[in-house]
Amino acid sequence: MRQDTPIPSAVVKKYVEQMNLDNVGKASIREIKRLVDLVEEETGQRYVRMEMGIPGLKPSQIGVEAEKAALDKGVAAIYPDIDGVRSLKKEISRFVKLFMNIDVQPRGCIPTVGSMQGSFAAFMTVTRMNKQKDTILFLDPGFPVHKQQCRVQGTRFDSFDVYNHRGEKLRAKLESHLAKGNVAALLYSNPNNPSWICFTETELKIIGELATKYDVVVIEDLAYFAMDFRQDMSKPGQPPYQPSVANFTDQYLLLISSSKAFSYAGQRIGMMVISDTLFEKGSKDLLPYYGMEQFGRAMVFGTMYALSSGTSHSPQYALQALLKASNDGEYDFVEVVKEYGEKAKIMKKLFTDNGFKIVYDRDEDKPLADGFYFTISYPGFSGEELIETLVYYGISAISLAITGSERLEGLRACVSLVDREQFPDLAYRLAKFHEHHGGQGV
Ligand SMILES: Cc1ncc(COP(=O)(O)O)c(C=O)c1O
């Protein structure tokens, strides 16, 4: 490594050695975070940190106040119902009607300990519904922790990168997987972490039709609800709505996180929304595990009961207040998070002005939206080499290799923790990188 990098190379090297990181490009997100923490501490230079997907905004006061009031009333002493506080269930049902235009009874609207618990419970329950179907199919790139959940619970999974199968081409590829007959459910996030692609109506229709044809549950992960800012989905009861597979199949289970949309990640509260049809679906194969046949009851009184016996009481009141204010048109949560898209637009330009390419750059014929994440590459570098080199330029990100992407040259950049006042630093560091490498590789 040359000596004249923006961050003194001797310091970076010292900590790479101290942490025994043979290959920085292969390090986990948490290891990169630690390395950057150490270098920042010694040099006093602040990194442009794009490795972790943490909300960069303050939680809404509406939630905080409602939670405090609930605690003052004494809810901390009381076990919450496993399937959630009744008034919250009603607001979730209203929310999906007003912002997605779909009808789901409050019964199937269940708060979870973050959307992560929702996916864990979903994998566990759907793979027990039919003895022949024991596999989760991931439409990648995706969120690595979902696969980790499958590994720790011993659930089989399969995946493919959708990059080369957009639009009508998705049908043949998806069908080749579903026709094997072993897929219980498929999962994708929309907008997608890490690539920020958004499935088009054509693609959602294909997914829905094939799910119905092959009796597969679609787990739609809406962690970035209404955050495709190319359309204004902020008005309750008015189109455009958050696009969803729910318009094309009745075998769906939605996971709606409050971490990003409401900047409420710390309280670990999310929503699982089970379609009325799926809730009522019965299966004898559930009996050995749950002693009951109905999917919805097995989920609540079997899986959720066993996992955590419900969701912490006070955040349920926070979420109820946030949803009610949004449903009543009194709180515009989309307006608040638009900041992510605005920052992404500026940051993407800083990268592309300095020789970088955007890896996932289109939704069929449309340029990609600007949002929470974007993906980058630099000619001549593998993703690993790029991470390893950028660390010397005061920039951190993660490799797409850990997300199931076939684009091994790519990195995921997350905009949330980067302050606007760091943009001049980012511009300077990228210009230095480009000057030193000039599209020539490492
Ligand atoms: C695609 C995706 N799904 C789920 C989650 C987890 O959400 P929660 O914080 O509600 O557990 C995240 C968080 O980063 C995510 O990116």
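A helix crossing is called right-handed if the near helix is turned clockwise from the far one by less than a right angle, and left-handed if anticlockwise. With that in hand, welcome to this predicted model, where the crossing of helices α1 and α2 is right-handed.

**The α1/α2 pair**

- Helix α1 covers residues 9-18 and helix α2 covers residues 29-43; their axes come within 10 Å and cross at roughly 140 degrees.
- Angles over 145 degrees would count as roughly antiparallel and those from 65 to 115 as roughly perpendicular, and α1 and α2 are therefore oblique to each other.
- On the α1 side, the contact is made by V11, V12, Y15 and V16.
- Their partners in α2 are L35, L38, V39, E42 and T43.
- Sorted by class, this contact of α1 with α2 holds seven nonpolar residues, one polar residue and one charged residue.

- Domain 1 brings 29 residues to the contact, and domain 2 brings 33 residues.

**The domain 1 side of the contact**

- Both α13 (333-352) and β12 (373-377) supply at least two residues of the side of domain 1 that touches domain 2.
- Of these elements, α13 gives the largest share of that side, with six residues.
- The residues on this side of domain 1 comprise 14 nonpolar, seven polar and eight charged ones.

Definitions and conventions. Residues numbered from 1 in each chain as written. Predicted model: local features only at pLDDT ≥ 70, side-chain atom pairs only at ≥ 80, totals over all residues. Axes fitted to C-alpha atoms, helices over the stretch in contact; angles between N-to-C directions. Helix = DSSP H or I, 4+ residues; strand = E, 2+ residues; numbered from the N terminus. Parallel < 35°, antiparallel > 145°, perpendicular 65-115°, else oblique. Contact = placed C-beta atoms within 7 Å. Nonpolar A, V, L, I, M, F, W, Y, C, P; charged D, E, K, R; others polar.
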